[in-house]
Amino acid sequence: MNRNKFWFGLLAFVLPILLKVVWYYNGMTTRPEIATPDYGKFTLPQPAFSTPETREAVVPTGKVILFDAAHTNLYDAGEIQPLVEALIRAGGRVEMHDGSSDLKTNLKYANAFVVISPTLAYSAEEIQTVQKFVHSGGRLLVLSDATRGTSVNYDTGITEFIPDVNTINPVLAPYDLRFNFDYIYNIQENEGNFRNVYFGDFGETDFTADLGRVVLYGAHSIESDSGTLLLLGNRTTFSSLTDSNEGGLAAAALSAEGSVLAIGDFTFLSAPYNKVEDNGLLVQRVVEFLLAGERTPGLDDLPYLFSQPVVSVLPVGDAQLNAGTIPILAGVQSMLDKMGKKMEIVDETPASGDVLVFGTITSDEILKPYLDEFDITLDESAEYIEIPGFGEVGPSGIGLVLFKPDRSGNTLVLLTDSADNLPLLFNALVSEFSTSCVTSGNIAICSTSSGESSSEEVVEETPVEEEAGGEKVTPTTTPAG
Amino acid sequence: MKSEKSKALWEVIRSWLPWTLIPLILGVLAAIAIPIPKIGVISFNDAIYDYSSQYLMAQIRYAREHPEIRAVVLKINSPGGTVVDTEAVYLELIRLRQKKPVVATVGGMAASGGYYLISGTDYVYAKPTSSIGNVGVIGYLPPAPFLYEEIISTGPYKLWGSPRDTYQREIEAIKQGFYQAVIAGRGDRLEIGPETLLRGQIWPGTQALELGLIDALGSDSDAIEKAAEMAKVWHYDVIDVIGTIIETFEPTKFYASVDGVNLPYPEKPGLYMLYIPPLPTSK
């Protein structure tokens, strides 16, 4: 009996609890095991440094590589230091074009021109100058960078936006090369970050020979119909323009004739990225490309016509070493000094090397072979000279400039009708070539006439006086003599 | 005779009464003492940084430690925030989820670190135009190390923390952690691979559903019902967990500069799991 009471009592106790539980719950829950990331296993991706650095004795090549710094270029000197060092190690000489003199003047003596991320537009004249430079055998390297040209103004919250491709593409247009206003990325296979893109496929050129894998850090893609695409993205390399790799993507290209190289990034030139994977070899290839420029100078490049370290100076005709010619030679020596060259006075035709021949137009035996080179005939009566491209020219008051480029050495011949006019011809060449001389190919005739030559013009300043009408009398130019 | 019967009945009742009434009263009292199951609602409408994460974690801890809260609904509207605070909240959320179901419901946005958090819940609701995704890390590079004349230190990175290059690689490792968190949370429900997810794109709720970033489009009420279903409760009360928190935290600035100006980006340099809307450009 008491047992029944116990069970009944227990039921009475449990029932309300049970009713409440059943009212509120419809079952028991069991929680599954919750997976979480294994944070301890994540490591920082590290780049492979595989490029050996070569240290060889520097043998100067005399080649000048001109870096553009006159177009608000978005790079610091430190960023291109590895390239500059590599160029110097390879015997090149690096100079900056800072805009203090015009581009045309600076390119006269350069073998290669390097443009990095400019934001100030090039004038039509500058683009033509570069074109002429490339046409004469100079090398043009154009480097863009997708990380340049934008900056946040933290005071205004405005993003300043000056993409370098807008400035660069007009320079590249004559060579059928153009950068896209994008950046290349690879989310799946990259060097530490999606914008650090590996390139393992290459266009077949000497430039890319032996390259295994290189990395570019925030690169624009580049297009060319006639040129060779050099660094090619793989199937997971995308352009930010389309988020796809339709048609294939490239980050570097060489123009069809091989003298213009365009690369969509220049971070790979900077330490430590210049040593990641095969980037060191890529930098070396860039150096080789720049130093391979063999320019054929023309009279437009005056006075930068010599390529050898020593220039032989050969007086001919009536030109002798005397009080009249020494100032000329001093001027020549000073000019060559500035170019890093030495002068050597010789009395007979050297077998090879750069030669500067100067003197008077005579039937000199030493002079004859030089005149023959240009098919120039002296009239026996000395009344006229037969010059190809000019016809018969009276020698009086005339300076004759002949230039012959050659692999073994360049030859410049300067002749006048009399030794007295030689200084006038030198003056015309150095400072007034474009206004005093007429050119036809590598022959120029210049006016050295004391009566008419602009080189001897003397400006006589008429005293400024107030005229009755109040107008000022401007200085007038009157010929000297 | 009748009186004897009544007397006998009374005797029976008297002998049974202590065995029925008292246990019944005790049972009713015990039933009353059993708390009504609750669905705890944690609302979060902010970036994730030290101050906001402390409040959020306090709510999560409260929900975990109180057995009457049978399931939790995380109502979120956040662009994300600092890496470390996001990870801290995520780990607290995982501990809660080990004990109780957690259902997320997205308001305007669950981007970057905000999505990091909801990827660690059991079920995710969003509105058709909620902004979902932005998986990835963003940060400012520190300056290249240099020497100050007037500041001395005992090592090259004592002042700068780490080399610029290391900093850049660090965000790649953090990104991997983010991706693994999404994979761990979403599992087979995720319909896209890393090549799409890690682009950092933001998708509207409708597309996020197609891509498996969320589980359903629905209201906050749907989320509460789902949480109750997962906790297997028929009837329940809904409580705002924030109302139960008595801890206080010192407010700190996240978007505002030291002089109080509101900025569109964090004032302090560092690494973030944060969606920063594009700044206006000058052209």
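1. In chain A, strand β1 (residues 64-68) and strand β2 (residues 93-97) run parallel and are joined by 5 bridges. With helix α2 (residues 81-89) of chain A, β1(A) and β2(A) make up a β-α-β unit, and the unit is right-handed. Please keep in mind for this and every later point that the model is predicted.

2. A:Ile385 has its bridge partner in β22(A), namely A:Val393.

3. Chain B contains an open sheet of 3 strands as well, in the order β3-β11-β7, again with antiparallel pairing. Which strands of chain B stand at the edges of this sheet? They are β3 (80-82) and β7 (138-139) of chain B, and because each has a single partner strand, one side of each is left without a neighbour in the sheet. β3(B) pairs with strand β11 (residues 271-274) of chain B in the antiparallel sense over 3 bridges. Within that pairing, B:Gly81 is opposite B:Met273 of β11(B).

4. As for the interface, 59 residues of chain B are in contact with 51 residues of chain A. The two chains bury about 4900 Å² between them, and 64% of that area is on carbon and sulfur atoms.

5. How many salt bridges and polar contacts link chain B and chain A? There are 3 salt bridges between them, and 16 residue pairs are in polar contact, both residues being at pLDDT 80 or more. One of the salt bridges joins B:Arg199 to A:Asp243, with the closest N and O atoms 3.5 Å apart.

6. On the side of chain B that touches chain A, two or more residues each come from α1 (2-33), α3 (83-99), α5 (164-186), α6 (194-197) and α8 (220-231) of chain B. Of these elements, α5(B) gives the most, with 14 residues. Sorted by class, this side of chain B has 32 nonpolar, 12 polar and 15 charged residues.

7. Two backbone details deserve a look. Most residues other than glycine have a negative phi, and most peptide bonds are trans. In chain A, the peptide bond from A:Ala271 to A:Pro272 is cis, with omega near 5°. A:Pro272 sits in the loop between β16 (260-263) and α6 (279-291) of chain A.

8. The other detail is in chain B. B:Asn134 has phi near 60°, a positive value in a residue other than glycine. Where is B:Asn134 placed? B:Asn134 is in the loop between β6 (131-133) and β7 of chain B, and β7(B) is one of the edge strands of the sheet in point 4.

Definitions and conventions
Residues numbered from 1 in each chain as written. Chains lettered and ligands numbered in written order. Predicted model: local features only at pLDDT ≥ 70, side-chain atom pairs only at ≥ 80, totals over all residues. Heavy atoms only, no water. Contact = heavy atoms within 4.5 Å. Buried area = accessible area lost by both parts, 1.4 Å probe. Salt bridge = Lys/Arg side-chain N within 4 Å of Asp/Glu carboxyl O. Polar contact = N/O pair within 3.5 Å; in protein donor to acceptor, adjacent residues only side chain to side chain. Helix = DSSP H or I, 4+ residues; strand = E, 2+ residues; numbered from the N terminus. Nonpolar A, V, L, I, M, F, W, Y, C, P; charged D, E, K, R; others polar. Pairing = 2+ DSSP bridges. Right-handed = clockwise from strand over helix to strand, strands pointing away.
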